[in-house]
Structures are given as C-alpha cells and as structure tokens.
Amino acid sequence: MLILVVGGAACGKSAFAESLACQGALPRVYIATMQAMDEECEIRIARHREMRAGKGFSTLECPLGLADADIPAKTALLECLSNLAANEMFAPGMTPQKAKQNILNGIDLLCRRCERVVIVSNEIFCDGIDYDASTQAYRVLLAQLNRAIAERADCVFEVVHGIPIRHKGGTHE
C-alpha cells in the first residue's frame, strides 16, 4: 500500500503520516531525507526523532539515491519528498528530469520491497509569489512528483490545520 500525505508547513502532516506508518507491520524504517545544513535543520531533525521514539522505527539517512538504498523493512515512512527532490535536483550534474526519474525509480523500488509505504510531501504551490528560475524549476519538479505519486498511491491525504482530508482511497484504517 502506498500512501501520500501532503500539507503546508507545520500543519501536522508528519504526525499523521507517522500514525499511518505505525499501523504497518514491523520492522519499520524512517527514511530521513533532510540534510543538517544549519541549526534550524538540526532542531527539526531532533524534533522528528523525538516524535518517533519508541515506535519501532529504525532510521535510514537517505538524502540522495533512494533507488540505491537497502530497505529491509515491511513499513517505510519517507520524510520528506520535498527535501529529497531538492537534494537530487541540486546535486552536481543533475537535471530536474533526471532527478524526477531517480526519485520515481526509488519509490517504485520501495513499493516493491515494503508492504506499506507512507510518503510525506509539502504543499508549496498556493502563495502566488514569482520565483527565480531555479526555485521555479524545483517547484515544477515537486509538483510533477506529487502528481506522479498521487497517481500511483492507494490513498492520498492532505493535512490542513491538523485535520487529514482524504482525497483518494479508502479509510486510513
């Protein structure tokens, strides 16, 4: 089962996605995509580690190369697609199209290996701001990935103010 959870910043999507992953079988792996570039990132990483403490997750740091990751788990929580997309797209020698294909290949492989895959992604498309070319290319890439994964997914949720709204699929069990 593939589940996509999207939402804005600090909306509760991570906690909801984690609750969905906790419904899956053990062993569980948390696929961490954020690179600790500064103190703010380190604080967010620490908060997420604290949130999942004692819930049966091992952690796999995977900021790049999801298709190459060894995922020996029945349940995987990928946190988050937005970071993975940025890391892949802005890696040396990478293009947005190549980044998209690398990520989708990794997600397809993850879905073949695991019984339950929960992917968290950000909704960054409603602000109406004009961005520079590289930021706009990133936004296009993330939108394409969100659509491709939503198409593949069994369930798609949007979390708004802590409230999960189901857009596709059955109940969240």
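**Notebook: pockets and a cavity**

I started with the second largest pocket, and its lining is Met34, Gln35, Met37, Asp38, Glu40, Cys41, Arg44, Asn83, Ala86 and Asn87. I'm working on a predicted model, where local features need pLDDT of at least 70, side-chain atom pairs count only at pLDDT 80 or more, and totals for chains, interfaces and linings use all residues. Numbering runs from 1 along each chain as its sequence is written, and side-chain values use heavy atoms, with hydrogens and water left out.

My terms: on a 1 Å grid over the protein atoms alone, a pocket is an open set of points with protein on both sides within 12 Å along at least five of seven lines, a cavity is a set where a 1.4 Å probe fits but cannot get out, and lining residues have an atom within 4 Å of a point.

I noted a volume (space filled by probe spheres set on grid points joined across faces, edges and corners) of about 200 Å³ for this second pocket.

Next I looked up the largest pocket, at about 380 Å³. It has 19 lining residues, with Ala9, Ala10, Lys13, Arg44 and Asn122 nearest its centre. I see that α2 gives the largest share, four residues.

Last, I found one cavity of 30 Å³ or more. Its 13 lining residues include Tyr30, Met34, Ile45, His48 and Glu79, the closest to its centre. The largest cavity holds about 170 Å³, and α2 supplies the largest share of its lining, five residues.

Conventions. Helices (H or I, at least four residues) and strands (E, at least two) are DSSP runs, numbered from the N terminus.
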